[in-house]
Amino acid sequence: MVIYMKTHNKIKITTAFISLAIAQHAAASGYHFGTQSVGAQSTANAAAAEAADASTLFYNPAGLTHLDGKAEITGAINIVAPALKYHDAQASYYQGGNVQGATSGKITKTTAAPHVYGAYKLNDRVTLGMGMYIPFGSKTDYQDDSVLRYNIKKLGLTSIALEPAVAFKFNEKHSFAVGLIAQYSEAELTKYADWSAARDNRTLAATAAALQRMGIPAAATANRANWQGRGDVKGHDWGFGYHLGWMFDVNDKFRLGVAYRSKVSHNLKGTAKWQPAGAVVQVPAIANYIQSPTTTATALGAGRGYLPSEDASVHITTPESLSLHGMYRASDKLNLFGDITWTRHSRFNKADLVFGNTKNVVNGQSNRTTITPNWRNTYKIALGGAYQYSEPLQLRAGIAFDQSPVKSAEDRLNTMPDANRMWFSVGARYAYKKRHVFDTALSYVHIHSSRFNAPRAVGTDVDSKGASSAKFKASATILGLQYTYKFE
């Protein structure tokens, strides 16, 4: 007897990444990590015009010409404790009926990310810099039995950037800089698939009766959860871009800066691995049927195309940004900071995950999954200040509004439930014998509650989910520690 069943699954990789550890989505809007300097973090990232240490390379490399001394090195670590939870989740199968499982839970965990910068003054006009930092990062992970497992169960996006830069002091008022960005990006994704999606309830019941003669209980066969498979995808790539900076000391009290960071394109290539996860599809004859190429004849008919291992790739572009920032010396002890940053998040309006092998899907055949998050361009506005309490001790604080690129609940991804957020930061800087500078910062990020509404899959690509929805509550606490050593 030949049993015909079309299969379907969706694997999505998006963008951007972390370093030695996995950073969390909760730090900043989109998939930005959120902070690359503890000194900047203490002002809610408003102090890009300050140029106080070598970490200015990330915010505005022209600030390298404003550093004191011959050379310096800055090392920082951010410990991120996110609280991202989902609740009231619901999901249905492609052919109807409710998905059973967990409807609430926490999908992030505490982690840490390092950043390192160095600066060397070649002469009175030229300063060289080098940075290793985390520009993007996100990881969310649902329980294996979450009702949202047919959307995406786990998504990890990581990147680490290396940036050599050169800054030139044109005169006493103007400095210019250029940096070259080499960005290594890595992504991982896990998603469950409904391998009964092409069969309505009546056809599935008929299949259950046929399989009962193979010794598989009809009740187990009719339960769609027993037809599910699991896909794990990993990919990586190097991409390259550039960074431009300008700083203008208008007068003794006011400094203005502009920085532009280019887009970085990635063609992530890797492997997709498929494995049966339900009781029915683990039966050898059915597993072989599902995991053979569509051109291969099996005991149950032509294979469904979900190979145990196959190539996979996705093209993504991390967005460019433009920042305008300033510093005002209100008094001998008080500095005020401001920053406005525009980010072209609209580059993430579509992503195609392409598989090396064609598959039978609900309606026809396909080798790809397409997602259209339809993100918008965003603004971040930050204000901060620093007060010199004593000769070695400086107190710092800031507040910022960070706009989300997500337009609506229908555009929101369950693995990136982004929403508008507010930053509240405090910190301190202590200079010991001028050569040793210690920074610490504590930030609380309040993220607006949000909803997620996903429609049923279209049926013409590698996706098998039904309609789903959930609500999210999120916040994050970030602790930053930094040390700068200034060489004579």
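**Aromatic residues and their surroundings**

Mentor: Tyr328 is partly exposed, with a relative accessible area of 38%. Buried means under 20% relative accessible area, exposed means over 50%, and partly exposed lies in between, using a 1.4 Å probe and protein chains only. This is a predicted model, in which local features need pLDDT of at least 70 and side-chain atom pairs count only at pLDDT 80 or more, while totals for chains, interfaces and linings use all residues. Residues are numbered from 1 along each chain as its sequence is written, and side-chain values use heavy atoms, with hydrogens and water left out.

Tyr328 belongs to strand 14 (residues 321-329). Strands (E, at least two residues) and helices (H or I, at least four) are DSSP runs, numbered from the N terminus. Leaving aside neighbours within four places in sequence, Tyr328 is in contact with Lys253, Phe254, Leu334, Asn335 and Leu336, where contact means heavy atoms within 4.5 Å. From Tyr328 to Val80 there are 248 residues in sequence and 30 Å in space, C-alpha to C-alpha.

Next come the ring pairs. There are 15 aromatic pairs in the structure. Rings of Phe, Tyr and Trp (its six-membered ring) pair if their centres lie within 6.5 Å; planes under 30 degrees apart are stacked, over 60 edge-to-face, and the rest tilted. One of these pairs is edge-to-face: Phe58 and Tyr133, at 4.9 Å centre to centre with 80° between the planes. This pair links distant parts of the chain, since Phe58 is in helix 2 (residues 56-59) and Tyr133 in strand 4 (residues 126-133), 75 residues apart. Phe58 counts as buried because its relative accessible area is 13%, and Tyr133 is buried at 0%.

Another pair, Tyr242 with Tyr260, is tilted, at 6.0 Å centre to centre and 45° between the planes. Tyr242 lies in strand 8 (residues 228-249) and Tyr260 in strand 9 (residues 254-261), so the pair ties together parts 18 residues apart in sequence. Tyr242 is partly exposed, with a relative accessible area of 38%, and Tyr260 is also partly exposed, at 25%. Returning to Phe58, this residue forms one aromatic cluster with Tyr59, Tyr117 and Tyr133.

His243 touches residues from both of these places. His243 lies in strand 8 and is buried, with a relative accessible area of 2%. Not counting residues up to four places away in sequence, His243 touches, among others, Phe58, Tyr59 and Tyr260. The side chain of His243 makes a polar contact with that of Glu163 at 2.9 Å, and a polar contact of 3.5 Å joins the side chains of His243 and Arg261. A polar contact is a pair of N or O atoms within 3.5 Å; within protein, one must be able to donate a hydrogen and the other to accept it, and residues adjacent in sequence count only if both atoms are side-chain atoms.

Lys359 lies over the face of Tyr306, at 5.6 Å from the ring centre, and the charged end of Arg456 sits over the ring of Tyr94, 3.8 Å from its centre. The criterion is that NZ of Lys or CZ of Arg is within 6 Å of the ring centre and within 35 degrees of the ring normal.
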